[in-house]
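I opened my notebook for a friendly look through one structure. Here is what I looked up, entry by entry.

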Amino acid sequence: MVLSRDLELCQECLPTVGPVPADTVHHVVHLRDDPSKALDMDNLVSVCASCHNKLHPEKRERKQSKSISNRIKVVELCQNPEQF
């Protein structure tokens, strides 16, 4: 509904850059600060991925700080355990 309301355009880019397609809905007041505004249309705005990343620098910092050891390791198993 928010993307439709905003004509699927990034509301952050619109005033300066011009029309840029939006693919994300951003909470103006973060959910951790006020969970009651989660579905409040006045608290939601359409943005592009680039602007959403700029609006959430803490996510980028957290992602960069993860160590390699936290990655999921994929192991291929044979159907027949006797093959080991």
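The entries below go from the whole chain to single residues.

**Ground rules.** I am working with a predicted model, where local features need pLDDT of at least 70, side-chain atom pairs count only at pLDDT 80 or more, and totals for chains, interfaces and linings use all residues. Residues are numbered from 1 along each chain as its sequence is written, and side-chain values use heavy atoms, with hydrogens and water left out.

**Overall layout.** I found three helices and two strands in the protein chain. Read from the N terminus, their order is α-β-β-α-α. Here helices are DSSP runs of H or I with at least four residues, and strands are runs of E with at least two, numbered from the N terminus.

**Surface and contacts.** The chain has 84 residues, and 21% of them count as buried. Buried means under 20% relative accessible area, exposed over 50%, and partly exposed in between, with a 1.4 Å probe and protein chains only.

**The core.** Which residues make up the largest nonpolar core? I listed seven: C10, C13, A22, V45, V47, C48 and C51. Such a core is a set of buried Ala, Val, Leu, Ile, Met, Phe, Trp, Tyr and Cys residues joined through side-chain atoms within 4.5 Å. In soluble globular proteins, nonpolar side chains tend to be buried together. Leaving out residues up to four places away in sequence, A22 touches L3, E8, L9, C10, S46, V47 and C48.

**Cysteines.** How many disulfides does a search of the whole structure find? I got zero, with a disulfide taken as a pair of cysteine sulfur atoms within 2.5 Å. For C10, the closest cysteine sulfur is in C13 at 3.7 Å, too far for a bond. C51 is in no disulfide either, and its nearest cysteine sulfur, that of C13, is 3.5 Å away. C10 is buried at 0% relative accessibility, and C51 is buried at 9%.

**The loop at V29.** I found V29 in the loop between β1 (24-27) and β2 (44-47). V29 is partly exposed because its relative accessible area is 28%. Not counting residues up to four places away in sequence, V29 touches D34, K37 and N43. I also noted D42, 13 residues from V29 along the chain, with 9.9 Å between their C-alpha atoms.

Terms used
Contact means heavy atoms within 4.5 Å.
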